[in-house]
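Me: I would like to learn how to read a protein model step by step. Could we go through one together?

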Amino acid sequence: MSSTHFDPHERIALTRKVTVWGLVVNLLLSIFKFLIGLISGSQALIADSVHSLSDSATDVAVLVGAPYWSAPADRSHPHGHGRIETLITALIGVMLALVGIGLGYHALATIGQPKDSIPGWSAFIAALVSIGSKEALYRWNRRVGLQLRSSALVANAWHHRSDGLSSVPVAVAVLGEHIYPAWHFLDPVAALLVSILIFHAAYRIVRPALEQLCDVGVETETYHEILDLAREIDGVRTVHALRSRNVGSGWQVDLHVQVDAELTVQEGHDIAGRVKQHLLEKGTEIVDVLVHIEPYLPDEEKTP
């Protein structure tokens with residue numbers, strides 16, 4: 001479903017619903033894993049409980065930010081408040097990168113260190129519960145994020161998955177050490193691999209957010225798609241000077257459309273309206289369109 005089918009109140013309600021559930025699960029998981037880690041003697045599980053707690057911070061950021069980035073345009077923000085979502089997306093990505101760096105540093109520091117005891121099976125069960133619940137949160141947040149075209153929700157979904165991934169080495173370490181106690185290196189090695197995956201996910205979140213803040217336009221394929229869609233409208237002779245910028249949930253574009261010079265102002269205005277409506281309905285993630293009408297002069301035809 002396109003995000004254009006959701007009004008601001010629906011967007012906020014859906015965002016709050018999935019994020020509040022994520023916050024509750026994160027807090028419960030953090031307490032659960034910390035207690036089981038103490039009882040079973042698993043330092044890795046205790047460290048993993050801190051990661052779950054860090055997820056709560058991004059949930060709070062989304063809950064606080066959603067009403068602001070969903071607010072309609074006003075006099076102070078004529079282009080809307082979508083950049084607030086972009087900023088929060090970048091913040092989530094940076095926090096995720098810091099988590100990956102921290103896990104990687106801890107893994108490197110503990111490789112080769114012997115352990116006094118083998119964690120109990122309760123740590124293995126707790127890790128499985130964490131993996132399953134966080135994967136479910138990831139899928140739910142990502143699905144809603146794609147429906148709403150919310151980069152912040154999609155980024156938060158990846159934060160949920162990173163928490164689930166960080167529980168994988170805990171489960172592997174407990175299982176491996178019960179099979180062969182000398183395999184105490186499994187925990188830090190697996191944690192190092194997971195930290196690399198988490199850092200890569202953070203890069204995939206932060207890079208497009210920074211590109212949006214730098215006003216990077218649509219890709220070449222989408223650029224030509226927009227031009228072709230505008231040319232489909234009767235009365236359009238040529239199209240040029242297409243510009244685009246991201247405003248959070250989609251693209252804002254403006255373009256110059258040339259029409260026959262003999263048309264009245266009203267006729268030119270009607271053509272502009274049809275071009276705008278066509279792009280909003282058929283364009284890829286286009287949320288706003290500004291059409292400039294110009295007289296068509298064959299001797300001065302301009303390139304796109």
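Me: Among contacts in the chain between residues at least 6 apart in sequence, what percentage join residues at least 24 apart?

Reply: This is a predicted model, and in its chain 74% of the contacts between residues at least 6 apart in sequence join residues that are at least 24 apart. Of the 304 residues of the chain, 45% count as buried, a word that here means under 20% relative accessible area.

Me: How many helices and strands does the chain have, and in what order do the elements run?

Reply: There are eight helices and three strands in the chain, and, read from the N terminus on, the elements follow the order α-α-α-α-α-α-α-β-β-α-β.

Me: In which sense do strand E2 and strand E3 pair?

Reply: In a regular strand the side chains alternate between the two faces of the sheet. Here strand E2 (residues 251-260) and strand E3 (residues 286-296) pair in the parallel sense over ten bridges, and the chain crosses from E2 to E3 through helix H8 (residues 265-282) in a β-α-β crossover that is right-handed. As an example of the pairing, Val257 has Ile293 in E3 as its bridge partner.

Me: What is the volume of the largest pocket, and which residues are the closest to its centre?

Reply: The largest pocket has a volume of about 960 Å³, and of the 30 residues that line this pocket, the closest to its centre are Ser151, Pro208, Gln212, Asn246 and Glu285. Helix H6 (186-213) is one of the helices that each supply at least two residues of the lining, and the largest share, seven residues, comes from H6. By class, the lining has eleven nonpolar, 13 polar and six charged residues.

Conventions. Residues are numbered from 1 along each chain as its sequence is written. This is a predicted model: local features need pLDDT of at least 70, side-chain atom pairs count only at pLDDT 80 or more; totals for chains, interfaces and linings use all residues. Side-chain values use heavy atoms; hydrogens and water are left out. On a 1 Å grid over the protein atoms alone, a cavity is a set of points where a 1.4 Å probe fits but cannot get out, and a pocket is an open set with protein on both sides within 12 Å along at least five of seven lines; lining residues have an atom within 4 Å of a point. Grid points are joined across faces, edges and corners, and a volume is the space filled by probe spheres set on the points. Helices (H or I, at least four residues) and strands (E, at least two) are DSSP runs, numbered from the N terminus. Ala, Val, Leu, Ile, Met, Phe, Trp, Tyr, Cys and Pro count as nonpolar, Asp, Glu, Lys and Arg as charged, and the others, Gly among them, as polar. Two strands pair if DSSP finds at least two bridges between them. A crossover is right-handed if, with the strands pointing away from the viewer, the path from the first strand over the helix to the second runs clockwise. Buried means under 20% relative accessible area, exposed over 50%, partly exposed in between (1.4 Å probe, protein chains only). Contact means heavy atoms within 4.5 Å.
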